[in-house]
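Trainee: Please take a close look at a single part of this model with me, and then connect that part to the rest. I would like the terms spelled out as they come up.

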Amino acid sequence: MHRRDTLTKAIVTVDLGKVRDNASRVVSHLPGIDVIAVTKVTCGSPEVGAAMLAGGAVALGESRLENVERLRAAGVTAPIWLLRAPTPDLAGEAVRLAEISLESELETVVALDRAGERQSRRHGVVAMVDLGDLREGMVPAHLPAFVAAVEPLRHLDLVGVGVNLTCYGAIVPDEDNLGRLAALGADVERLTGRPLRYLSGGNSGSIGMVICGRMPAAVNTLRIGETILLGVDTLTREPALDLHLDAITVSAPVIECQLKPSLPIGTSAQDAFGNRPAFADRGERRRAICALGRQDAPPEGLRPLDPRVRVLGASSDHLILDVEDLERPPALGESLAFVPNYAATLQLFTSPYVHKVFTPPA
Ligand SMILES: *Cc1c(COP(=O)(O)O)cnc(C)c1O
């Protein structure tokens, strides 16, 4: 590794032991439910996927084919669910790389069937219904016709019915929408005359329904990313299930540390992003600048590990911090660490400027 990579770059550190621990705690809180662990926020990291599987996840979930390719190239042999439907022209890739995909368009499913025939490989389809969140999924009224059209296809198995909630419309999983999912699953079983392998009741946001005993019994799988990786309940972003909250951290080196007034001086216009910032006058304060910026992560999504440090803001490449309350000002080159939220995690993993480090399971 080039010396510059470790010395002056921002570094995301994934504690794989904590990821594995979180996965196993989530699995143990969800009896009777298969956990599909979702790696997409880490760009399909094989290390993270392996830790989730070691913690008891039965399969991995990914939204991008490039990420599935990365997992496969690293030797992951566990079943992979493709969470974002491919376009029909990518059906061949989907069948080659993933065992199961979430689908809502008949044209794509027909393309998957043809690809399955060409590759002599079977592919499982989970029919997605939209129960109010308004991201992917067909309206429930279209499900019977979809099932009737998919059943005769010879290289596909309709293996389940699923829903996604709390993503776009921020709709909370409850007895009403998940009860409707269970009823739709029963309808499909009546139509096909055989049991469905999977009734997939959503993402991290659906864990709470299981914990409080309100999850319909028929729901037997959840697709979980954020709660395993960040340890939070995604409906409130509060700590959940006594999980590790710092399995993923980011550190960035200090490049300047000086006493400055807390109010900018001069006539105020727009900042670099077109906002008109407001400032509180707290007098002269010691400020540090870290080599991390909006190009890497939104500063609102970074919580300093040391609660005496406050994030003031960021431009594209400079993270500005109030470090007045630290007993000893940080030295130049010393790194300060943060816990990123979901949006920041997503961007940090995607940024080519941020070095990624995986510490092996304890
Ligand atoms: C991203 C995604 C998930 C995982 O969501 P989390 O909130 O991270 O648990 C589950 N299902 C689908 C379809 C997704 O796209």
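Mentor: Asn203 is placed in the loop between β8 (198–200) and α9 (207–211), where helices (H or I, at least four residues) and strands (E, at least two) are DSSP runs numbered from the N terminus. This is a predicted model, in which local features need pLDDT of at least 70, side-chain atom pairs count only at pLDDT 80 or more, and totals for chains, interfaces and linings use all residues. Residues are numbered from 1 along each chain as its sequence is written, and side-chain values use heavy atoms, with hydrogens and water left out.

Asn203 counts as buried because its relative accessibility is 14%; buried means under 20% relative accessible area, exposed over 50%, and partly exposed in between, with a 1.4 Å probe and protein chains only. The side chain of Asn203 also reaches the backbone nitrogen of Gly205 at 2.9 Å. That is a polar contact, meaning a pair of N or O atoms within 3.5 Å; within protein, one atom must be able to donate a hydrogen and the other to accept it, and residues adjacent in sequence count only if both atoms are side-chain atoms.

From this loop we can turn to the ligand. Among the 13 residues around the ligand, Lys40, Arg135, Ser204, Gly225 and Glu226 come nearest, where a residue is near a molecule or strand if one of its heavy atoms lies within 4 Å of it. By class, this shell holds 4 nonpolar, 4 polar and 5 charged residues; Ala, Val, Leu, Ile, Met, Phe, Trp, Tyr, Cys and Pro count as nonpolar, Asp, Glu, Lys and Arg as charged, and the others, Gly among them, as polar. A polar side-chain atom of Lys40 lies 2.6 Å from an oxygen atom of the ligand, while a ligand nitrogen is 2.8 Å from an N or O atom in the side chain of Arg223, and a ligand nitrogen is 3.4 Å from an N or O atom in the side chain of Asn164. On its own the ligand has 390 Å² of accessible area, of which the protein covers 94%.

Asp242 counts as exposed because its relative accessibility is 67%, whereas Asn203 is buried.

Elsewhere, helix α3 (residues 46–54) has Pro46, Val48, Gly49, Ala51 and Met52 as its buried residues, and just after α3, Gly56 takes a positive phi of about 115°. Arg20 is placed in helix α2 (residues 16–29) and is partly exposed, with a relative accessible area of 24%. Leu312, in strand β13 (residues 310–314), is likewise partly exposed, at 38% relative accessibility.

For the setting as a whole, the chain has 11 helices and 16 strands, and buried residues make up 49% of its 362 residues. The C-alpha atoms fill a box of roughly 75 × 45 × 40 Å, taken along the principal axes.

Definitions and conventions. Accessible areas come from the Shrake-Rupley method with a 1.4 Å probe; for residues, only the protein chains shown count as cover.
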